[in-house]
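Work through the exercises below with the sequence and the model in view. Try each task before reading its solution.

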Amino acid sequence: MTDVEAQLIKARIVYTADESDRVVPGGAVLVVGDRIVAVGEEAEVGATAAALTQPVRTIDATNMMVLPGFVNAHWHEFFARRVGPTDALRPVRDAEDAPGWMALGGNLLAVSPMFDKLADLAPRLTEREAVDIATYSVWSQLRGGTTTLADLGSFNQPDALMAAFRAVGIRGAISTWVSDVVCEKGASAPRRSRSADSVVRELDRVATMCAADDTGMLRARASVVAVTNMSDEAGRGIAELADRYGLTIGAHLCALRTESPTVREYFGRGSVQRFADLGLLGDRLLGAHTSFADETERRLLIDAAVHISHSPAKYGWVGESTMSETRLIPELAKAGLDVSISTDGSGRPIGGMVENMRAAWQQHNELYADPTVLRASRALAMATRLPAKGLRWQDQIGSLEPDKQADLVMVRADDWRYLLDPRPLEAFLHLGGSLDIDTVMVAGRTLIKGGRSVHLDETELQRRYLAALRSCAARVFEVAEPQLRQVFAGVAG
């Protein structure tokens with residue numbers, strides 16, 4: 001043990017996010033190698049540090065909050081789609097904006113063909129484009145305090161995601177883009193777009209690849225991007241692979257008002273019953289945005305102990321009524337299901353884990369006119385301990401406790417926002433954000449310090465991303481050169 005680095009972090013306040021939501025003012029965390037050895041009062045932890053045989057490096061964080069690293073269990077890598085009509089090519093004025101395909105209850109018969117098309121486009125990225133885009137995207141998550149990131153289907157390639165997680169240095173659960181059928185307007189049944197075997201084989205390949213990883217930082221994950229794009233054959237194959245490899249499963253499930261009637265029309269039964277019939281429903285399943293389930297489906301979800309993930313900082317922006325229309329997500333939490341928060345994904349930077357903590361803290365309480373329905377400490381657990389449990393990673397990460405991996409986030413708490421406030425986490429959720437994060441440590445290794453990467457050249461990351469983005473926008477999305485010149489004019493890199 002003498003050659004393993006020891007770090008003693010002295011904090012203004014430590015939020016452990018453990019089962020008791022322990023908070024330690026004037027606390028400290030002792031890290032030896034990649035593990036937490038002690039958490040508690042500074043004097044107690046300091047005594048443990050003094051008993052070590054190796055030198056101990058002291059980190060002065062007495063002006064900071066120390067939190068567990070954030071666990072984002074529902075994310076999509078979509079940064080290759082930045083140059084498009086709903087993103088970098090949108091008009092400057094917003095007065096003529098239309099609601100969009102996820103608003104007003106959602107248009108599943110527009111979503112399904114679009115998702116299926118993405119399954120053909122992502123493989124057209126070159127290896128260099130895919131890696132450079134994925135690395136920049138994963139880095140942006142690290143910058144916001146995410147130390148574990150779980151893919152739920154991305155417009156990128158699994159191999160590139162694996163390379164990106166390794167380069168950036170955070171944990172990753174890697175998935176595939178599942179689409180073997182399409183539900184289209186005017187059709188009476190789903191149309192086969194590719195073989196179910198090909199979809200299952202790709203997940204098998206990724207699961208085999210991740211199983212061979214010896215770092216403990218990578219895992220595979222089964223996912224269903226849209227229930228309308230998965231055949232029963234593919235669903236059964238995914239369930240069998242999840243059993244074989246011990247995978248968790250992620251799915252957008254009852255996410256839009258129009259989902260259940262559309263699924264019933266094309267598949268003969270609702271989404272939750274379909275998942276139950278195919279062997280996908282259970283405590284290994286994470287349901288994203290699960291708000292539109294009837295009473296029978298709710299009982300199935302509760303009995304199966306399904307994990308629920310929501311992204312409240314995203315909903316108003318895209319017109320989803322996930323929180324306000326049914327109030328199902330907080331009701332499922334009251335019924336005993338684990339409910340966590342996540343960022344979802346977009347072609348451009350959107351609210352990070354901090355912003356979603358704030359939105360959950362505000363929206364859950366507003367729905368019930370009761371500020372104790374979701375306390376700030378519970379919002380933190382929704383971003384740390386609970387998603388770690390949903391990913392079955394809770395023995396390693398998600399809280400600051402002895403023997404767990406040393407994943408932590410430090411946030412400065414010494415300016416006017418925190419003056420005379422005995423609860424700096426609340427002040428942070430009121431007035432802070434992702435860019436306030438000063439330090440991020442993953443498995444005992446400091447990756448962000450002073451808000452900057454200590455191991456990656458951020459200027460070079462952006463340069464590579466912009467070059468890859470311009471290249472794939474021209475080749476894959478066929479964006480005309482005059483439009484590209486307009487988008488990239490004056491952009492550094």
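Predicted model: local features only at pLDDT ≥ 70, side-chain atom pairs only at ≥ 80, totals over all residues.

**Exercise 1. State how the domain assignment divides the protein, and how the parts are placed.**

Solution. Start with the bounds: domain 1 consists of 6-69 + 399-453, and domain 2 of 71-391. Next, take the C-alpha centres of domain 1 and domain 2, which are 30 Å apart. Last, look at the contact between them: 31 residues of domain 1 meet 28 residues of domain 2.

**Exercise 2. Find the span of the UniProt domain annotation and describe its ends and its secondary structure.**

Solution. The unreviewed UniProt entry carries the annotation "domain: Amidohydrolase-related" for residues 65-446.

**Exercise 3. Determine how helix α3 packs against helix α16, and which residues make the contact.**

Solution. First locate the helices: α3 covers residues 127-143 and α16 covers residues 458-475. Their axes come within 8 Å and cross at roughly 130°. An angle between 115 and 145 degrees is neither roughly perpendicular nor roughly antiparallel, so α3 is oblique to α16. The crossing of these two helices is left-handed. On the α3 side the contact residues are Arg128, Glu129, Asp132, Ile133, Thr135, Tyr136 and Trp139. On the α16 side they are Glu458, Leu461, Gln462, Arg464, Tyr465, Ala468, Leu469, Ser471, Cys472 and Arg475. Sorted by class, the residues of the α3 and α16 contact are eight nonpolar, three polar and six charged.

**Exercise 4. Describe the angle, the handedness and the contact residues for helices α8 and α9.**

Solution. Helix α8 spans residues 271-278 and helix α9 residues 295-303. Their axes are 9 Å apart, at an angle of about 40°. Angles under 35 degrees count as roughly parallel, and the α8 and α9 pair is therefore classed as oblique. The crossing of α8 and α9 is left-handed. Ser271, Val272 and Gln273 of α8 touch Glu297, Leu300 and Leu301 of α9. This contact holds three nonpolar, two polar and one charged residues.

Definitions and conventions:
Residues numbered from 1 in each chain as written. Heavy atoms only, no water. UniProt positions renumbered as here; feature names shortened; annotations may be inferred. Axes fitted to C-alpha atoms, helices over the stretch in contact; angles between N-to-C directions. Helix = DSSP H or I, 4+ residues; strand = E, 2+ residues; numbered from the N terminus. Parallel < 35°, antiparallel > 145°, perpendicular 65-115°, else oblique. Left-handed = near helix turned anticlockwise from the far one by under 90°. Contact = heavy atoms within 4.5 Å. Nonpolar A, V, L, I, M, F, W, Y, C, P; charged D, E, K, R; others polar. Domains from an automatic or database assignment.
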